[in-house]
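I want to look up a few side-chain contacts and then step back to the chain as a whole.

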Amino acid sequence: MRGIRLGSHLLLMAFIAIIILFPLYWLLVTSLKNNAEIFATPPTLFSKQFSWDHYSSVFRTSAIPTYFYNSIVIAVVTIAVVLSVASLAAYSMTRYKFKGKLTYFTIILFAQVMPLTTLIVPLYIMWGKFQMLNSYTSIILSYCAILLPMAIWLLTGYFKGVPKDIDEAATIDGCSSLGILFRMVLPLARSGLVAVGLTVCITVWQEIMISMTFVSSDAMRTLPAGINTFITRSGIQWGPLNASGIVTTLPVLLIFIVFQKALVKGLTAGATKG
Amino acid sequence: MIRKRLFRKTVPYLYLMPSLLIIVSLLAYPLVYNLYVSLHRWRLSRPDKPFIGLDNFKSVLTDDVFMGVMGTTILWTVIGVALQMTIGMLSALYVDERRRSKGVLRSLLLLPWVLPGVVTALMWSWMLQSDMGIVNVILQFFHLTDHDISWLGSDMALWTLILVNTWKAFPFWFLMLLAGLQDIPNDQIEAAKIDGARWFNVVRYIKIPHLMPMIGATGVITTIWTLNYFDLIWVTTKGGPVDATSTLPIYTYRLAFEFFDFGKSSAMALISLVLIGVICSPYMRAMLKSIRE
């Protein structure tokens, strides 16, 4: 009886592992096959000889390195701006009583459910008028606007968890209001900052609608938009495409492995408390 | 003294300033501007942009494509979310009862969710190629089918994409429900088991009622996400073949950046906004109530 149960569990786990991992495995294996093997019938389950050709062509002859660089710059700056602006707002929301707080929160809530399609046309016209299409600034600011409400909402939850007694003690010791934020609240709400930062990072890393609309020059494109242009060209080159897929996935995967706990905590915190 | 008090009163607003600046200039103003565009005949091919009142809304709503798009969107969202919920619930129940392998299983099941959407899309479209895709090869190897299935052809595409999206999106349900399940006090379940309750009854009378608030919140969030999801459909089919996979966001985007009819696209975007507002108004009301308390 026990043996049967253990066996069925193992079977179920193997099934889950295959369903989740096989697509990723296939992406990796395809990227390591040479062109003849990619299109071979029947397809080979393992690549017979590893070939790094697609990777070298991706890194040497395509614009993928540029896209990669752009994605990193945009992600880093967006995270920095969103975290600092949202921290200030969340600090104000949790430590002060003021008129208009509820209105502000309603706006934050509403902004979170606004579909991107209501913003894309007006923003496109706006950036066009300022001659700021094809620039880091327009992309980064657009991302900040979209992600800010979520960040403020999540951080407010985290800052609430930092006891207010600490503020009073710090004030008596001569700490200013900003000092309390930087020396007390932020360090104590570190896991919240990490969770919000990660969410922003993952979102920016894969966003395509804004990046493909506001950018038309190859020099400014981000990774997802860059790969997307790969696919629509006449005749899809599956080898380099799979290789760039791996290149795009790796950073996110590494971040996920390192920060998994913080991410899980951050995603579930709001819901379990609410 | 007076200056000091005045200062104390303005401090909270000072902290809010940067965020307000961004929200007003890059969310509120564009939203109003969107309304303005929707009331004009606004095509990139024409320099004049006359005011036409609600004509854009009228032409969107009476468009033949519109009803099709609405139908597709409803199928895509309702069936998609139902599938995500079912699979998320089953996997959460399963993992919750595994003591030893919980950590490994959780990381594994979360993986699709962190994968970039574009990569998911190209990975699956490579696997689902009708002539050389691995999925067809596997199905034929196990004799489940004897011909090549055209997964992204006009009669299959929507269902295929719903399944792929389920693969990508169910981990969020899994994560939320798992967190909820771990909150249930163990003694309740133990007591029920001692009373002779079977697994199914424990799930039905203890676990699911306990998860209800979580299911509600996650349901609203994932409904909005699924309704607005753009990446997968855009990268794999661009709404085709022949609008078979055109959902609201895809069609709205195409109206603007393929047909260059900004007015009509803006009207469509506002219709989506109203739709989403209706869907999540009970949720927003509950959120606001909890904040007021």
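Predicted model: local features only at pLDDT ≥ 70, side-chain atom pairs only at ≥ 80, totals over all residues.

**Tyrosines on a helix**

I started with B:Tyr36, which comes out as partly exposed, with a relative accessibility of 44%. That sits between the 20% and 50% cut-offs, so the label follows.

Next I checked who B:Tyr36 pairs with. Its ring forms a tilted aromatic pair with B:Tyr33, at 5.9 Å between the centres and 35 degrees between the planes. B:Tyr33 is at 9% relative accessibility, so I have it down as buried.

Then I moved back along the helix. B:Tyr29 and B:Tyr33 are four residues apart in helix H1 (residues 2–38) of chain B, which puts about one helical turn between them. B:Tyr29 is partly exposed, at 43%.

Under 30 degrees would have been stacked and over 60 edge-to-face, so the label holds.

**Other rings**

One aromatic cluster takes in A:Tyr124 and A:Phe214 along with B:Phe230, B:Trp234, B:Tyr253, B:Phe257 and B:Phe262. Both chains contribute to that cluster.

I also looked for a charge over a ring. B:Lys49 lies over the face of B:Trp42, 5.3 Å from the ring centre.

**Salt bridges**

The count over all chains is eight salt bridges. In chain A I picked out A:Asp218 with A:Arg221, whose closest N and O atoms are 3.2 Å apart. A:Asp218 is partly exposed at 37%, whereas A:Arg221 is buried at 12%.

In chain B I went to B:Arg254, which meets B:Asp243 in a salt bridge at 3.2 Å, N to O. This one links distant parts of the chain: B:Arg254 is in helix H11 (residues 248–257), while B:Asp243 is in the loop between helix H10 (231–236) and H11, 11 residues away. Is B:Arg254 buried or exposed? Its relative accessibility is 14%, so I note it as buried. B:Asp243 is partly exposed at 30%.

B:Arg254 also has a salt bridge with B:Glu258, with the closest N and O atoms 2.9 Å apart. B:Glu258 is partly exposed, at 36%. Shared partners join B:Asp243, B:Arg254 and B:Glu258 into one network.

**Chain B as a whole**

Stepping back, I count 12 helices and zero strands in chain B. For its 293 residues, a compact globule would have a radius of gyration near 19 Å, but chain B has 24 Å. I read the spans of the C-alpha trace along the principal axes as about 80 × 75 × 30 Å.

What share of the residues of chain B count as buried? My note says 54% of the 293. For contacts with a separation of 6 or more, 66% are between residues 24 or more positions apart. The accessible surface is about 14,500 Å², and carbon and sulfur atoms account for 66% of that surface.

Note on methods:
Residues numbered from 1 in each chain as written. Chains lettered and ligands numbered in written order. Heavy atoms only, no water. Helix = DSSP H or I, 4+ residues; strand = E, 2+ residues; numbered from the N terminus. Buried < 20%, exposed > 50% of the residue type's maximum accessible area, 1.4 Å probe, protein only. Phe/Tyr/Trp six-rings, centres within 6.5 Å; stacked < 30°, edge-to-face > 60°. Lys NZ or Arg CZ within 6 Å of the ring centre and 35° of its normal. Rg over C-alpha atoms; globule rule 2.2 N^0.38 Å. Contact = heavy atoms within 4.5 Å. Areas by Shrake-Rupley, 256 points an atom, 1.4 Å probe, with all protein chains shown as cover. Salt bridge = Lys/Arg side-chain N within 4 Å of Asp/Glu carboxyl O.
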